[in-house]
Amino acid sequence: MLAKKVSEALNKQIELEASSSQFYLAMASWAETEGLNGISAFLYHHADEERMHMLKLIKFVNERGAHGIVPALKQPPVTFKSVKSVFEQVLSHEVKVSDEINKLVDTCLKEKDYTTHNFLQWYVSEQIEEEALARKIVDKLKLLGDDKGGIYFFDRDMEALAAQTAAGGGAEADKGGK
Ligand code: OFO
């Protein structure tokens with residue numbers, strides 16, 4: 001049975017993963033309307049991954065005798081300033097998620113819940129990869145600067161990346177790739 005503090009913290013994380021999924025879904029939809037098909041494919045896939053992160057937490061909480069709560073979510077932004085701004089927001093959001101995962105790990109240690117601590121190690125490694133990938137993308141966009149033609153090639157690269165991550169089941173496929 002989960003301690004109340006741990007189940008509350010896990011439910012907070014469920015909400016964060018759900019809102020991450022909505023946030024990336026809004027970015028994907030915006031990119032699609034801008035004709036950026038590669039970028040939108042990558043972001044649709046990213047949104048699906050965050051939903052999977054949420055689901056994994058819900059199932060774990062339920063298996064441990066507590067209740068994984070499906071949260072109400074705020075409407076994410078509808079439009080975005082630029083591709084660069086989208087990925088800067090992805091990066092800062094992932095950094096925030098990593099911070100929250102670390103706090104969660106800390107709560108488990110304080111509560112001596114080593115089972116949940118062990119379960120969370122998957123999230124710890126996932127966050128290292130997701131942050132590294134987002135950082136790499138932001139760095140590429142910084143190199144492009146205002147080069148509009150460059151965005152065309154960047155979008156094609158993202159299409160390939162989306163296909164690669166979809167085939168490999170997530171950030172795992174990014175190891176060594178980009
Ligand atoms: Fe990328 O946030 Fe989930 O864990």
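This is a predicted model: local features need pLDDT of at least 70, side-chain atom pairs count only at pLDDT 80 or more; totals for chains, interfaces and linings use all residues.
The crossing of α2 and α5 is left-handed.

Helix α5 covers residues 148–168, and its axis comes within 6 Å of the axis of α2, at a crossing angle of roughly 30 degrees. Angles under 35 degrees count as roughly parallel, and α2 and α5 are therefore roughly parallel to each other. On the α2 side, the contact is made by Asn-37, Gly-38, Ile-39, Ala-41, Phe-42 and His-45. On the α5 side, the residues are Phe-154, Asp-155, Met-158, Glu-159, Leu-161, Ala-162, Thr-165 and Ala-166. By class, the α2 and α5 contact has eight nonpolar residues, four polar and two charged.

Next, the other partner of α2. Helix α2, residues 37–63, also packs with helix α3, residues 83–110. Here the angle is about 20 degrees, and the axes are 13 Å apart. That angle makes α2 roughly parallel to α3. The crossing of α2 and α3 is left-handed. From α2, the residues that meet α3 are Ile-39, Phe-42, Leu-43, His-46 and Glu-50. From α3, they are Val-83, Val-86, Phe-87, Val-90 and Glu-94. Sorted by class, that contact of α2 with α3 comes to seven nonpolar residues, one polar and two charged.

Which helix holds Gln-127? Gln-127 lies in helix α4, residues 114–144. The relative accessible area of Gln-127 is 5%, and buried means under 20%, so Gln-127 is buried. The side chain of Gln-127 makes a polar contact with the side chain of Glu-94, at 2.9 Å. Setting aside neighbours within four places in sequence, Gln-127 is in contact with Glu-94, Val-97, Ser-98 and Ile-101.

One more residue, Asn-11. Asn-11 sits in helix α1, residues 4–33. Is Asn-11 buried or exposed? With a relative accessibility of 14%, Asn-11 counts as buried. What does Asn-11 touch, beyond residues up to four places away in sequence? The residues are His-67, Gly-68 and Ile-69. There is also a C-alpha distance to report: Asn-11 and Ile-58 are 47 residues apart along the chain, and their C-alpha atoms are separated by 7.8 Å.

To recap, α2 is roughly parallel to α5 and roughly parallel to α3, and Gln-127 and Asn-11 are buried.

How values were computed:
Residues are numbered from 1 along each chain as its sequence is written. Side-chain values use heavy atoms; hydrogens and water are left out. Axes are lines fitted to C-alpha atoms, for helices over the stretch in contact, and angles run from 0 to 180 degrees between N-to-C directions. Helices (H or I, at least four residues) and strands (E, at least two) are DSSP runs, numbered from the N terminus. Angles under 35 degrees count as roughly parallel, over 145 as roughly antiparallel, 65 to 115 as roughly perpendicular and the rest as oblique. A crossing is left-handed if the near helix is turned anticlockwise from the far one by less than a right angle, and right-handed if clockwise. Contact means heavy atoms within 4.5 Å. Ala, Val, Leu, Ile, Met, Phe, Trp, Tyr, Cys and Pro count as nonpolar, Asp, Glu, Lys and Arg as charged, and the others, Gly among them, as polar. Buried means under 20% relative accessible area, exposed over 50%, partly exposed in between (1.4 Å probe, protein chains only). A polar contact is a pair of N or O atoms within 3.5 Å; within protein, one must be able to donate a hydrogen and the other to accept it, and residues adjacent in sequence count only if both atoms are side-chain atoms.
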